[in-house]
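Okay, thanks for coming, everyone.

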Amino acid sequence: TLPNNYTFSGNHFLNNKALEENRLGGKGGAIYLSADDRTDKHPKYEFRNNEFTNNYATLFGGAIYVWNTPPILTSDNIFHNNTITEDINNIGSHAVKLVLLVPETTNRRLASFIYEPDLQVASNFTMDNIGSTIKLVGQRMALLDMYDQVVKDDSISKLYLDVEEVLDNSQIIHAQKGIYQLNNVSFKSPPNSKVQITIKTD
């Protein structure tokens, strides 16, 4: 247990591992930071002039994993070759937001798409003159962490789509490595009606 205010300074974290076993662990190859959910209990952690090299985590946060307490990271910290199972990953956290994604097809890493969050998407949109069946095809949404990275260790969370004034008004989509695939999602609504789609996660 660390004190509420602690500075990591001048350390070299080398070849550490956080391995998953029986669905436990696997986050924060060198350091796992967590704090109480209450805002008045959040500690202040700071990293200055540290080096993180060849650290590994099975799931997320090759060097550092953060739960509820983002540390201060100064520019003199060095990260090199810290990895998770599928990718380079220096620091990660739990999910903090849900965004619509667009594929970045010009850059692939380990034969997978790299996604850029489309942060310009408005929270409300309107579709006019559509039929009685609303279809969402080929859209992707993702859970992002504090550092705008897809939360690749999450294949448990559910995405709920609720539509008001619709005959069949509920859809549940399961995350796959932090990504929700909205393929062939459809809702049937009465003619000449207005509908509102609410999207939320658990």
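So, what percentage of the 202 residues in the protein chain is buried? Buried residues come to 34%, where buried means under 20% relative accessible area, with a 1.4 Å probe and protein chains only. Before I go on: this is a predicted model, so local features need pLDDT of at least 70 and side-chain atom pairs pLDDT 80 or more, while totals for chains, interfaces and linings use all residues. Residues are numbered from 1 along each chain as its sequence is written, and side-chain values use heavy atoms, leaving out hydrogens and water.

What's the secondary structure? We have 0 helices and 24 strands. Both are DSSP runs numbered from the N terminus: helices are H or I with at least four residues, strands are E with at least two.

Now the pairing, which takes at least two DSSP bridges between two strands. Strand β10, residues 64-67, pairs with β6, residues 31-34, in the parallel sense over 4 bridges, and there Tyr 32 sits opposite Tyr 65 of β10. β10 also runs parallel to β15, residues 91-93, joined by 3 bridges; here Ile 64 has Ile 91 in β15 as its bridge partner.

Elsewhere, there's an open sheet of 4 strands, ordered β3-β9-β13-β14, with mixed pairing. β3 (17-18) and β14 (87-88) are at the edges with a single partner strand each, so one side of each has no neighbour in the sheet. The partner of β14 is β13, residues 83-84, antiparallel over 2 bridges, with Ile 84 opposite Asp 87.

Note on methods. Buried < 20%, exposed > 50% of the residue type's maximum accessible area, 1.4 Å probe, protein only.
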